[in-house]
Amino acid sequence: MNALQNVSILLELAVAILGLLIWLQKKKSYGAFIFITFLLYMVYDASRLWNLAIPELILRLLFAVASLSILLAVWKLYKTE
């Protein structure tokens, strides 16, 4: 099961990098929100997988911020013509 979780974290990294490229190279602000979202998802998942000493409250806040960030990204995508 750890192998599958590692693959998932690598996929999250790939999406974060693509979000960063969308933001910096394509100059689309929603790329920043995609980058933030998947970077936070990586931290969240890695902390669970590798038992990092991150307090549960911090993890919950990170997850909430990631959810808000992807909501903003999707809203910006929806508003684009």
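Predicted model: local features only at pLDDT ≥ 70, side-chain atom pairs only at ≥ 80, totals over all residues.
Reader: Which residues of H3 are buried, and what covers them?

Author: Leu59, Ala66, Ser69 and Ala73 are the buried ones. The cover over them includes helix H2, residues 30-49.

Reader: What does Ser47 touch, leaving out residues up to four places away in sequence?

Author: Leu52, Ile54 and Leu59. Leu59 turns up again here, being one of the buried residues of H3.

Reader: What makes H1 roughly antiparallel to H2?

Author: The axes of H1 (residues 2-24) and H2 come within 7 Å and cross at roughly 160°. Angles over 145 degrees count as roughly antiparallel, so H1 gets that label against H2. On the H1 side, the residues making the contact include Ile9, Leu13, Ala16, Leu20 and Trp23; on the H2 side, Ile34, Phe35, Phe38 and Met42 are among them.

Reader: How do the residues of that contact divide into nonpolar, polar and charged?

Author: Between H1 and H2 there are 17 nonpolar, 5 polar and 2 charged residues. Gly19 of H1 and Gly31 of H2 both take part in the contact, and Gly goes with the polar group.

Reader: And is the crossing left-handed or right-handed?

Author: H1 and H2 make a left-handed crossing.

Technical notes:
Residues numbered from 1 in each chain as written. Heavy atoms only, no water. Buried < 20%, exposed > 50% of the residue type's maximum accessible area, 1.4 Å probe, protein only. Helix = DSSP H or I, 4+ residues; strand = E, 2+ residues; numbered from the N terminus. Contact = heavy atoms within 4.5 Å. Axes fitted to C-alpha atoms, helices over the stretch in contact; angles between N-to-C directions. Parallel < 35°, antiparallel > 145°, perpendicular 65-115°, else oblique. Left-handed = near helix turned anticlockwise from the far one by under 90°.
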